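Dear colleague,

Please find the structure below, with its sequence. My notes on it follow.

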Amino acid sequence: MANTGWDEFEIGAMLRTFDGAIEDIAGTRQEDRNYSPNSSFTASVADWRIEKPIFNKDYCIDCQFCWIYCPDVSIISRDKKMIGVDMDHCKGCGICVEVCPTNPKSLLMFPELADEETEIASWPTKEEKEK
Amino acid sequence: MAFDKMELRDIEVWDGNFAAAQALRQCQVDVVSAYPITPSTPIVEGYAKFKADNYVEGEFVMVESEHAAMSGCIGAAAAGGRVATATSSQGLALMAETLYQASGMRLPIVLNIVNRALAAPLNVNGDHSDMYMARDSGWIQFDAYCPQEAYDLNFIAFKVSEDHDVRIPAIVNQDGFMTSHTAQGVKTMDDDTAYGFVGEYKPMNDMLDFEYPVTHGVQTEEDWHFEHKARQHNDMMTIVPDKIDAAFAEFEKLTGRKYNQIEEYSMEDADVAVVCMGTSVETAREVALEMREKGIKAGVVGIRVFRPFPFAKIAEVLKDVKAVAALDRSAPGGTAGALFNEIAGALFNTDSKMLLSGYIYGLGGRDLTKKHLVDLYTELQANADAGKVLTKQQQFIGVRGPKLAYL
């Protein structure tokens, strides 16, 4: 959201979800809707996250567990293929990592400032089960 | 229209509550969400009866508390309706949280407060402690001194509050029992004229506009909250006063009854003046005229618009007065009375040599008698003659026991 001054917004504790009028919103895919910059679809609501999930697609089996369990609809999946994490909405709760069934996990939590490429390059290896 | 009109005589004998209820009917309020409390109950009861008798087309929402009553009003106003309710004292206290929601969300709601003391000790009679409790809540506040004004100010409150440049809720105060339950002659407007003054409700950012969806009551933290509150204050200070004056002027044209942000009585050449609110204004007016027969140039200033407080107008009318008394009908809780502070604030940093003293009076419905006011004007004249305040700056009027004086 732009850092506008006190005189530059509509009055009231009120935000518009869309720019302009809408029709048949239920029949329009999210990416095709004209969301306003103030809607929580467009605006980042993730600024208090201190740990983030990193997705390593090499191990993902597209089971969709993370997509189902994410409490903030922040797992991006299209046609049942896991694409990644929506970092504008992810709060860093770690549930996706917890439910990930692969070995090693395809999602792991890292400090917010961790570098994705570096972490993927040093991803943990498969854990051997104790016999 | 699907409802019946009511034939009114040009002058009806109404108490303040019924006058307010009639105004709600004539404005064709869409939703009244209310919880009963003495002495305001007959206002919402009156609306409910008008609705039951098909004199109004609207909804009466019976709720479980005053907090819910104002919450219902907020929902209805955000949905896009003309909304009103009434309460008093403890009821207003229970509404406190939602008062700030309504003003922050910029929803035009009209709230009739029939002023009553706040417990403890429990008391149903009139003082201004509830009015004062709401003074920082961001609502416009009008004050009626009699049933006629309770009637008139409701129309003016809707007119100002619903203006799209304003969209700030408005309170109409009247004194519990002294105004609310005292029947007097009230000059009426016929239904069409009255409705014509407020006009059809014009929604703005209403939730029931499905083509333009809005989220009301959003959260803002340190990044946005300040800007919203600043905007709200700015609009109160710069937009609302002119809108109130315009509504007063239009109302005068329609009815011949003239209102002002501050009402001045015998102030043209006054040496001493009393500033007060509610029914006390009428008593003070009478005493001021009697003092003039005794050679004391006495005047009265009534606060008609308590919020936004008319600082410049107060400074203008009082600047050449020698001694002024600020009468506060609310326990100040460890400071000067609110009117004392506002008036002092209005005159400070000016060239005025006005002497100001504050008086706490009338708590819990204790009468302010003409004798009290004669003594008060006499004391003010003594201050004026001496060129200084001879008493403490804060005194109590009409309380039993050793004299109370502070500051």
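I begin with the contact between the chains, where strand β1 (residues 14-16) of chain A lies along chain B: within β9(B), H216(B) is the bridge partner of M14(A). The two strands, β1 of chain A and β9 (residues 214-216) of chain B, pair in the antiparallel sense over 3 bridges. Strands count as paired if DSSP finds at least two bridges between them. Helices (H or I, at least four residues) and strands (E, at least two) are DSSP runs, numbered from the N terminus.

Two conventions apply throughout. This is a predicted model, in which local features need pLDDT of at least 70 and side-chain atom pairs count only at pLDDT 80 or more, while totals for chains, interfaces and linings use all residues. Residues are numbered from 1 along each chain as its sequence is written, and chains are lettered from A and ligands numbered from 1 in the order in which they are written.

The contact between the chains takes 13 residues from chain A and 18 residues from chain B; two residues are in contact if their C-beta atoms, placed from the backbone, lie within 7 Å. On the chain A side, the residues divide into 8 nonpolar, 3 polar and 2 charged. Here Ala, Val, Leu, Ile, Met, Phe, Trp, Tyr, Cys and Pro count as nonpolar, Asp, Glu, Lys and Arg as charged, and the others, Gly among them, as polar.

Both chains have a domain assignment, with bounds that come from an automatic or database source. Chain A is given domain 1 (1-43) and domain 2 (45-121), and their C-alpha centres lie 27 Å apart. Chain B is divided into domain 1 (11-255) and domain 2 (263-406), with C-alpha centres 28 Å apart. In chain B, 27 residues of domain 1 are in contact with 21 residues of domain 2. On the domain 1 side, the elements that give two or more residues are α5 (129-133), β6 (140-143), α8 (225-238) and α9 (240-255) of chain B. The largest share of that side, 4 residues, comes from β6(B). By type, the domain 1 side comprises 15 nonpolar, 8 polar and 4 charged residues.

Chain B also contains an open sheet of 7 strands in the order β10-β12-β11-β14-β15-β16-β17, with mixed pairing. Its edge strands, β10 (262-265) and β17 (405-406) of chain B, each pair on one side only.

Which residues cover the two faces of strand β15 of chain B? L355(B), S357(B), Y359(B) and Y361(B) lie on one side and L356(B), G358(B) and I360(B) on the other, and all are buried. This strand (residues 355-361) thus has 7 of its 7 residues buried. A residue is buried if 20 or more other C-beta atoms lie within 10 Å of its own, exposed if 12 or fewer, and partly exposed in between, with C-beta atoms placed from the backbone.Strand β14 (residues 323-328) of chain B runs parallel to β15(B), joined to it by 6 bridges. Among the bridge partners in β15(B), S357(B) is that of A325(B) and Y359(B) is that of L327(B). Between these strands the chain passes through helix α12 (residues 338-347) of chain B, and this β-α-β crossover is right-handed; that is, with the strands pointing away from the viewer, the path from the first strand over the helix to the second runs clockwise. Strand β16 (residues 394-397) of chain B is also parallel to β15(B), through 4 bridges, and I397(B) is the bridge partner of Y361(B). The crossover from β15(B) to β16(B), by way of helix α13 (residues 370-386) of chain B, is left-handed.

Helix α3 (residues 66-79) of chain B has 14 residues and reaches 20 Å from its first C-alpha to its last, close to the 20 Å expected at 1.5 Å a residue. The expected span is 1.5 Å times one less than the number of residues. Its buried residues include E66(B), M70(B), C73(B) and I74(B), and among the elements that cover the buried residues of α3(B) are β3 (59-62) and α4 (89-104) of chain B. After α3(B) comes G80(B), whose phi is positive, near 115 degrees.

Lastly, A84(B) lies in strand β4 of chain B. A84(B) counts as buried because it has 34 C-beta neighbours inside 10 Å. Leaving aside neighbours within four places in sequence, A84(B) is in contact with L24(B), V29(B), V32(B), I109(B) and V110(B).

Yours sincerely
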